[in-house]
Structures are given as C-alpha cells and as structure tokens.
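Subject: Handover of a structure and the findings on it

Dear colleague,

Please find below the structure that I am passing to you for your work. My findings follow it, arranged by topic.

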Amino acid sequence: MPSSILTVPPAKAPASAQLSRVPVMPDTSGKELKTVERRMAKLTGHLSPSPSCTLQITPSIASADDSYHRIHGEVPMKKASWRVVRDETGKEFTDISYEKSVGEGIAKITINRPERRNAFRPHTIKELIRAFNDARDDSSVGVIILTGKGTKGFCSGGDQALRSSDGYADFESFGRLNVLDLQVQIRRLPKPVIAMVAGYAVGGGHVLHMVCDLTIAADNAVFGQTGAKVGSFDAGYGSSIMSRLVGPKKAREMWFLSRFYNAYEAEKMGLVNVVVPLDKLEMETLKWCREILRNSPTAIRVLKSALNAVDDGHAGLQELGGNATLIFYGTEEANEGKKAYMERRRPDFAKFPRRP
Ligand SMILES: CC(C)(COP(=O)(O)OP(=O)(O)OC[C@H]1O[C@@H](n2cnc3c(N)ncnc32)[C@H](O)[C@@H]1OP(=O)(O)O)[C@@H](O)C(=O)NCCC(=O)NCCSC(=O)CCC(=O)c1ccccc1C(=O)O
C-alpha cells in the first residue's frame, strides 16, 4: 500500500456510508445476480465515499510515474524540528506557543489553554495576532499552521467565563470581540494558513478553522457552532464563509440546531480537506505544508487573494489589486515611470508592448 494512503477501521464510518444496509437479493439465477451487482454498484456511487476513500491522501504523488513526479520526487515524510519563538520582548507567550521549523518555511501557532479546551480570551487573541504578524513578516515562512494544544480541543471559542455585556473581558474593564480582527488578519495574510484540528473545533473555534485556507482533521475531531445554545452568533465570516463552504441549507442547520458533526461528516460537508488518524495528524499536515512550499509563493499569494476576492468585497479586491501592484513594481515598465520621475524627464512608455 502506498505510504500516502491511510485507512481507518470501518467502524468509524458514518452510518450512511455502510453498505451492509443494502438488501441482498436471493441468488436464483445469473441474471438476477447481475441485476443485484448493477444495483449495488449504482447505490455505491450514490453513497458517501467509504472511509478508505475518505482517507486516500494525495494518491497522485505516490503512484504517478510521470516526468513531474520523477523530477520532484516524494514529499518528505519526516518530523519537523521546532524552534520556540518568543514575543518581541523576549518573553514566552502565555496563552499560545509559537514555533518555527528549523530549515523549512513552516510556522506553527498553538492555542495553549487545554484546560479550557483552548477557549480564547482577549489576551489569547492579542498573542495570536502578534504571532501571525511575525509569521507574515518573516520572509522565510511560507505556510502557517494554526492548532490547539493537546488532542481534546482545537478551540472551543470564546471563554464563556469571561463573557460580559460588551464582549469578553480579561485584564481590562471593558469587553472585546477581537477574534473578529484575527479572522480578518488570517483572510488577508498572503501565505496559506492551515488549521490542524484534533478534538473540538466549536463556537468561535469552529469559525477560526473555517477562515483558515485549509483544514486537516484528526479522526477524533468534532465540528459545530454552539451560538444558538449559549446566546451568541457570528453574523460575519462565521455565517458567510460557512454558507459558501457547506451551502446555505447546511449552514442554517449548523447554526439553527447547533449540532456537532464528526470528522467524516465534516469532510463530506466540505468543511475539511482531509481526515487522518490522530497519530498521523501533524505528519500529514507537514506533508501538505511541504507540498505547498515547493510551489511558487507568488502564485499562491495571488491565488489566495483571488479565491477570497468576491467574498471579501472591496477589501478582497484591494488585496488582489495590491498583489497586481506588487508584481508590476518588479517590471521594467513600472520602473521606467519611477526612473523618469526621479530623473526629471518624460517617461518612455512607447517601448513597452501593448499586448493583446
Ligand atoms: C467543547 C466541549 C464540547 C468539550 O466538552 P468536554 O470534552 O466534555 O469538556 P468540558 O468538561 O466541557 O470542558 C473542559 C473544561 O473546559 C471548560 N471550557 C470548555 N469550553 C469552554 C469555553 N468556551 N469557555 C469557558 N470554558 C470552557 C469547561 O468549562 C471545563 O472546565 P472545568 O473547570 O474543568 O469544568 C464543551 O466544553 C463545550 O461545549 N464548551 C463550550 C463551547 C461554546 O459554547 N463556546 C462558546 C461559543 S460562543 C463563541 O465562541 C463566541 C466567540 C466570539 O468571540 C465571537 C463574538 C462575536 C462574533 C463572532 C465571534 C466568533 O465566534 O468568532
């Protein structure tokens, strides 16, 4: 079996994916048998993928024998060596841990409040924002992992013990909803952000994984909104992105009923990219990171902004447009304009092609 194909015990499969429920017809003649086989095949096609299909990860990388794969080779499947990054003052963060991989362009930001299932307080969000800013500015970083400490929770949303009449309040006398700033920051960050989810991603924690570019889920992951149960809602990205991801009907179901969904259900709904066994979660996430890091950072940067542009309205267009300017500044044509200005002469744009 290729190393990139992972399987889980069938017991983990959602009930709807189990073929044992299909009635088996009596084997009275070959013709009847063929009919049964045909019907079975048709039904199988209608059902959700089997768990082994669910966990078929990047099969083309493992199996393809073409020049691309001969040149690029396998994506390395080795552990990362993590270096702890301290805050700007040299102190360790309290509510998060922030690490960078040695010799690779991967940053890992971990919400570190496992005793609260990694629920965030305003201070947590402030630290997350600082770490994400650092990862954005560090040109050696090409991809960022967002995760939660431990295996029981990615993030369980806002810390309800700190909820007040104007948001969440920890060390200040007023409340904040600063997770909304973090969501915008992740959307605008010109590098891919991957949510690595083990355990609960619920409430505001569920929104956080949705605003990430990709989600790799462990088979113990649980997804859902709790707002309608605890008297809260996210009428911004938490609603609009969800509707894009799972469709308007399913989004209503998630918000109105506040149900929880297992990893396989979430994958089927389009909430996550792949589900892997818990003990393979970081390795698989690293593999995705390394695969991304092989590719053109500018192509990825523009693609991220392009994929967000429509949904993010003017801000989305600004991000995409900013990337066009960034690339244009690197051309001779743009440089001619700047040089002419500096040299107090008319620019000679006639030498540049007016392409069809
Ligand atoms: C996540 C659970 C389902 C896990 O259940 P279980 O494994 O049985 O563990 P517990 O024993 O329940 O939890 C262990 C421990 O952690 C504490 N805890 C867990 N979650 C929270 C939390 N969110 N806040 C405070 N404390 C939490 C729990 O009390 C236990 O403590 P002990 O002292 O050991 O008893 C389950 O824990 C659960 O359902 N948690 C609550 C999930 C939830 O409702 N979250 C809040 C949703 S609302 C929200 O997140 C708003 C966020 C926000 O800021 C926002 C505002 C405005 C617009 C948008 C947003 C946005 O969503 O982004």
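In what follows, helices are DSSP runs of H or I with at least four residues, strands are DSSP runs of E with at least two, and both are numbered from the N terminus. On that basis the protein has 15 helices and 13 strands. Please note that the model is a predicted one.

Overall composition

The protein has 356 residues, of which 44% are buried. Of the contacts between residues at least 6 apart in sequence, 67% link residues that are at least 24 apart.

Helices α5 and α6

Helix α5 covers residues 122-137 and helix α6 covers residues 179-188; their axes approach to within 9 Å and cross at roughly 15°. The two helices therefore count as roughly parallel to each other, since angles under 35 degrees fall in that class. The crossing of α5 over α6 is left-handed. On the α5 side the contact is made by Ile125, Leu128, Ile129, Phe132, Asn133 and Arg136, and on the α6 side by Val179, Asp181, Leu182, Gln185, Ile186 and Arg188. Sorted by class, the residues of this contact are seven nonpolar, two polar and three charged.

Helices α9 and α10

The crossing of α9 and α10 is right-handed. From α9, the residues in contact are Gly238, Ser239, Met242, Ser243 and Val246; from α10, they are Pro248, Lys250, Ala251, Met254 and Trp255. Six of the residues in the contact of α9 with α10 are nonpolar, three are polar and one is charged.

Valine 246 belongs to helix α9. Its relative accessible area is 15%, so valine 246 is buried, the limit for that class being under 20%. Leaving aside residues up to four places away in sequence, valine 246 touches Ala251, Met269 and Leu271. Between valine 246 and methionine 196 there are 50 residues of sequence separation and a C-alpha to C-alpha distance of 19 Å.

Isoleucine 327 is located in helix α14, which spans residues 313-328. With a relative accessibility of 41%, isoleucine 327 is classed as partly exposed. Its contacts, again without residues up to four places away in sequence, are with Thr298 and Val302. Isoleucine 327 is 252 residues from valine 75 in sequence, and the C-alpha atoms of the two residues are 29 Å apart.

Cysteines

How many disulfides does a search of the whole structure find? The search finds zero disulfides. Cysteine 212 is in no disulfide, and the nearest cysteine sulfur to it, that of cysteine 155, is 10 Å away. For cysteine 289, the closest cysteine sulfur is in cysteine 212 at 12 Å, which is too far for a bond, because a disulfide requires the two sulfur atoms to be within 2.5 Å. Cysteine 212 is buried, at 6% relative accessible area. Cysteine 289 is buried as well, with a relative accessibility of 0%.

Asparagine 118 is not a glycine, yet its phi is positive, near 60°. Asparagine 118 sits in the loop between β3 (106-111) and α5. Is asparagine 118 buried or exposed? With a relative accessible area of 0%, asparagine 118 is buried.

Arginine 344, also not a glycine, has a positive phi of about 55°. Arginine 344 is found in the segment after α15 (332-342). Its relative accessibility is 68%, so arginine 344 counts as exposed, the threshold for that class being over 50%.

With kind regards

Methods: Residues numbered from 1 in each chain as written. Predicted model: local features only at pLDDT ≥ 70, side-chain atom pairs only at ≥ 80, totals over all residues. Heavy atoms only, no water. Buried < 20%, exposed > 50% of the residue type's maximum accessible area, 1.4 Å probe, protein only. Left-handed = near helix turned anticlockwise from the far one by under 90°. Contact = heavy atoms within 4.5 Å. Nonpolar A, V, L, I, M, F, W, Y, C, P; charged D, E, K, R; others polar. Axes fitted to C-alpha atoms, helices over the stretch in contact; angles between N-to-C directions. Parallel < 35°, antiparallel > 145°, perpendicular 65-115°, else oblique.
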